[in-house]
Amino acid sequence: MFAYLVRRLLLMLVTLFGISVVIFVLLRVVPGNIVDILFAAAGYVDPADKANLEKELGIDQPLIVQYWHWISGFLRGDLGYSYVSEKPALQEILPRIPITAKLAGLALLFSASIGIPLGVISAVKQGTRLDYALRVVSLSGLSLPSFWLGLLILTASVAMFGQMPIFNPNPQTWLEAFATYAVPAAAVGFRSAALTMRITRSSMLEVLRQDYIRTARAKGASEAAVNYRHALKNAILPVITVIGIEAAFLIGGLIVTETVFNIPGVARFLVEAIRWRDYPIVQNLVMFIAVVVVVANFTVDMLYAVFDPRIRYTD
Amino acid sequence: MRSVWALAVTAALSVLMASTTTLAGEPKQGGTLRMYHRDSPANASILEGATYSVNVPFMGVFNNLVIYDQHIAQNSPDTLRPELAESWSWSSDNKKLTFKLRQGVKWHDGKPFTSADVKCSFDLLMGKSQQKLRQNPRKAWYNEVNEITTSGDFEVSFELKRPQPSLLAMLASGYTPVYPCHVSPADMRTHPIGTGPFKFVEFKANESIKLTRNPDYWKKGLPYLDGIEYTIITNRSTAILAFVAGKFDMTFPTHITIPLLKDIKSQAPNATCVVEPTNVSTNIIVNSSSPPFDNIDVRRAVALALDRKAFIDILFEGQADIGGTMLPPPQGIWGMPKDRLETIPGYGPNVNANREEAKKLMQKAGYGPDKHLAVKVSTRNLAEYRDPAVILIDQLKSIYIDGELDVVETANWFPKVARKDYMLGLNLTGSSVDDPDQSFYENYSCGSERNYTNYCNKEIEKLFDVQSQETDTNKRKPLVWDIDKKLQEDVARPIIFHARAGTCWQPYVKGITIMSNSSYNGFRYEDVWLDK
C-alpha cells in the first residue's frame, strides 16, 4: 500500500509538471498578449511604447526563460504580479478561492444530497409515476445549461419577489448568506445532481437484482435496511467516481454561474484573466485547479478502499 | 364663514405644498450612489485609458483646467466652464493660451495644487517628462502645443505652434484631468490621487470600485453624495435585472440598448430613462492597398449599396442617426445639415437608385450577376460590431458582393487591421470630444496611428489645418462640412450610422445629465444627490 502511495504521488508530480508545460505553451500559442490587447483597446500602436511595456512585463524574453521564472517562482511561493492590476498575483487569487470553494462545496453537497436519495427512490420505485417524474427532472437537469438556469432563477426572483439573489460580500442575515451561496450553488449543482441521480439509479437497479439482496429480504431485513445498508453501500462506488469527476468539471459550470450571479470567485476571475492574457494569474490559477483535480482524483482512489473492502492496493 | 374656512384651508394647503416642493427640490447631503459597471477597466489611470469604462468611475476623482458644464447635455464652446483654472485668455495671435489657476486647492493626500502639476500632466501627455505613461493614446491631441510654461504657482500657459482654438475643447474632455506631479504614473494606475469631489478608496478588479466624499473639496458644500460604489457586472442581463430589482440607483451610462430599454421601462416604470447619441459611429474600413478595393469604383459601389435606414430600424428601432464623420445635428455641433448630407452619393433617400448606380460601377469593374465578388467582412467579436456586420453582408449581396463574416477576437483585431490583413472591415469609431480636430486628424490624416485605412489626401489635410485655425465657429462650420463631404465622397471610411443608447436611474436620483454629443465628459457627479 505504501509503495502504491509513493508511486501515485510521484505520478501526481509528473502530471503536474506536464500540466505546467501545457498551460504555459497553450497560453503563448493563443494569438495576442496583454500588450496587444491594451493597444487594441486604445486603437493605436506606438512601437516604442509597446516594446517598453513588453520589456517591463518580461514577455520579450525567450519562452524558456519565462517558463523558468514562472515555475521557479511558483515552487518558492512567489506567483509574480498581475499584469492588469499590478498587484501580487497571490493577493489577487487568495481572497477569491474561499468564495469559489464555498460555492463548489455547496454545489457538490447539493448534488450528493439531492442526487443520491432521489436516485435510490427512483430505483426502488422503478416503473412508477414517481420514477418517471424523477427521471424527467434528472433529464431536465442534464439538458439545462447552468447559465440559462441561473438567468431563469434571477428573472423569476425579480418578477415574483422584486428581489434578486445577487452576491453580497457582507451578508447581514442568514437568509442573505443563504441566498449568496445556496441559490447559485443549486443552479450549478443541478446538473451534477441530475447526473448523480441517474448513476445512483442505474447502479442501484443493478445491485437490487443481486442474489444477496434477495437473501437479505429473505432474512426479514426491512426495506430501508435492504436499500440503504445492503444495496446503496455497494452501489455507491460508481457514484463516488462520478462525483469526483464532477468536482473537476464543476469549474466549467462555476465560470458561467459566477458570471450570471456576479460572484467574485476564481472561476470568473480566470476567464477575465484569460481575456486579458494575464499570464501570471492564468498560469497560477490553472495550476491551482490542476492540483485540486489531481488531489481530488487521488482522494477518490483512496476512498474506494474505504468503501469497498475488496479493493486493496498492492505492489 | 364657510367660504372663509375653505379659503384658509386652501391657503394652508398651498403653503404646505409649496414648502414641500421647495424641500423636494433642494439638494440633500448624504447617501451612496450605487451603480453597476459594465466591465473591469484595465486600471484607474484616465490619461492612459481609451475607453469610457475608465472615465465613468474615475472622473469624479479629478478636476480639469476647464470642463464642460455638467448640466448642459450638449458640449459646445459655449458650455466650457472654469474648473482648476479660474479664467483663461488667448494671446492676440491666438498662439498662447494662459490660465489663471485656482488657489487653495489640495490634492487628496493634502499636498497643494500648483501650476507645476499642470505642467507635469501635459509634459507627461506630450511625452516630454522623465516619467512615461505606459500608454498614451491621446498624445496627438497636443501636436500643436510647443511648450507649457508656468509663471509663479498659479499661472500656466500653453504655447502653440499655430492657433488651435479646439485645444480648449480637448482640455475640457473627461480624458484630460490634471495629475499630481508627486505621484508616479504607475501609482496613478492603482491608487489615483486627484483634487476632485471624490477620493479613491479601492478598485477590486472584476468586483467593485469605491469612491468616498472628499471633505476638503474646494467647492464648498460639494459633493452631496457620501460616496459612489460601482459593482462590476459584466453580464448585461444580470446588471439590468439588478437595476430593476432596486439593487442599483443607476445603470452604467449609455449602456442600455434600445430594445432593452423597453424591458426596463416595462419592469421599472418609475425609472427615468434617457436616450442620447453616444458619438460613436459605425463605419466601414476598406483596404484600398490591395485588389479589389484598390479600385475606387468598387469602393464607391460599397458606399452606394448602404441602406442606412435599414441598419437603424433593425438595430435601434429607428433611434439612431445618419450622418457623415461628424455627429449630425441637432445634438452634434459640427455635423452636416440634412439637405447638404443628402447631396453625397449614397446618402440620398432612393436606395434602389443608389444600388443601381452601384451595380453599374461593379459591372465596370468586371463583376456582375454571373461573377460575384467574394469578400471577407472582418469585425471584432463583440455584438455591437457583429450585428451591423451581418446586415452589411446582406446589403452587399444586392451589388454582386458575397460577404463572409470573419469574426476576430479583440486581442487580434487591431494588429490585423494595422498589418492590412483584411479586405473589408466593420469598425466603430468613438469621439470623446465633438470637435473636428479630434476626428479629422485622428482618423484621416496621413500617417496617423488611428487612420486604419491609410487614407491620405494632402489637399484635404491642408483643409484640416485651415478649419483648425478658424476661431469663428460660424465660419468654421462650412469648412468642416466641405471636408466631411469630401471624405465621404472619397470613401475614406464610409459612415453607416451614429449610435444612440439609453441610461436609466431611479426617480430619487437627482442631478444627472447625460451628455448628448459625447460619452466621455459627463461624470464628475459632484452635485448629484439622492432624494431619499
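**Entry 1: a salt bridge across chain B**

I began with B:D465, which forms a salt bridge with B:R162, the closest N and O atoms being 3.7 Å apart. I noted that B:D465 lies in helix α15 (residues 458-469) of chain B, while B:R162 lies in the loop between β7 and α4 (167-171) of chain B, so the pair ties together parts that are 303 residues apart in sequence. I keep in mind throughout that this is a predicted model. I then looked up accessibility: B:D465 counts as partly exposed at 29% relative accessibility, whereas B:R162 counts as buried at 10%.

**Entry 2: other charged pairs**

Next I turned to B:D321 and B:R500, whose side chains meet in a salt bridge with an N to O distance of 2.8 Å. B:D321 sits in the loop between α9 (308-316) and α10 (338-341) of chain B and B:R500 in strand β15 (residues 495-505) of chain B, so this pair ties together parts that are 179 residues apart in sequence. I found B:D321 buried, at 14% relative accessibility, and B:R500 buried as well, with a relative accessible area of 18%.

I also followed a network in which salt bridges that share partners join A:E86, B:E48, B:R134 and B:R189.

In chain A I looked up A:R135, which forms a salt bridge with A:D131, the closest N and O atoms being 3.4 Å apart. These two residues are 4 residues apart in helix α7 (residues 129-143) of chain A, which means that about one helical turn separates them. I recorded A:R135 as partly exposed, at 33% relative accessibility, and A:D131 as buried, at 0%. Over all chains the count comes to 41 salt bridges.

**Entry 3: a sheet in chain B**

I traced an open sheet of 4 strands in chain B, which has the order β4-β5-β7-β6 and antiparallel pairing. Its edge strands are β4 (85-90) and β6 (145-150) of chain B, each of which pairs on one side only. I noted that neighbouring strands of this sheet are turned by 15° against each other on average, direction ignored.

On β7 of chain B, B:E159 stands opposite B:K96. I then followed helix α3 (residues 115-125) of chain B, which lies across β5, β6 and β7 of chain B and runs at about 160° to β6 of chain B.

**Entry 4: nonpolar cores**

Which residues have the most contacts inside the largest nonpolar core? I found that they are B:L65, B:F99, B:F158, B:L171 and B:Y525, in a core of 114 residues. Helix α6 (residues 236-244) of chain B gives the most to this core, with 6 residues.

I looked up B:L65 in particular and, leaving aside its neighbours within four places in sequence, its contacts include B:P82, B:L84, B:F99, B:L101, B:V118, B:F122, B:F158 and B:L171. A second, separate core has 42 residues, including A:Y4, A:I34, A:F269 and A:I281.

**Entry 5: the annotated span of chain A**

Finally I checked the record, in which an unreviewed UniProt entry places the feature "domain: ABC transmembrane type-1" at residues 97-304 of chain A. In the model I found this span of chain A to be 85% helix and 0% strand, with the end C-alpha atoms of residues 97-304 lying 28 Å apart.

How values were computed. Residues are numbered from 1 along each chain as its sequence is written. Chains are lettered from A and ligands numbered from 1 in the order in which they are written. This is a predicted model: local features need pLDDT of at least 70, side-chain atom pairs count only at pLDDT 80 or more; totals for chains, interfaces and linings use all residues. Side-chain values use heavy atoms; hydrogens and water are left out. UniProt positions are given in the numbering used here, feature names are shortened, and annotations may be inferred rather than shown by experiment. Two strands pair if DSSP finds at least two bridges between them. Axes are lines fitted to C-alpha atoms, for helices over the stretch in contact, and angles run from 0 to 180 degrees between N-to-C directions. Contact means heavy atoms within 4.5 Å. A salt bridge is a side-chain nitrogen of Lys or Arg within 4 Å of a carboxyl oxygen of Asp or Glu. Buried means under 20% relative accessible area, exposed over 50%, partly exposed in between (1.4 Å probe, protein chains only). A nonpolar core is a set of buried Ala, Val, Leu, Ile, Met, Phe, Trp, Tyr and Cys residues joined through side-chain atoms within 4.5 Å.
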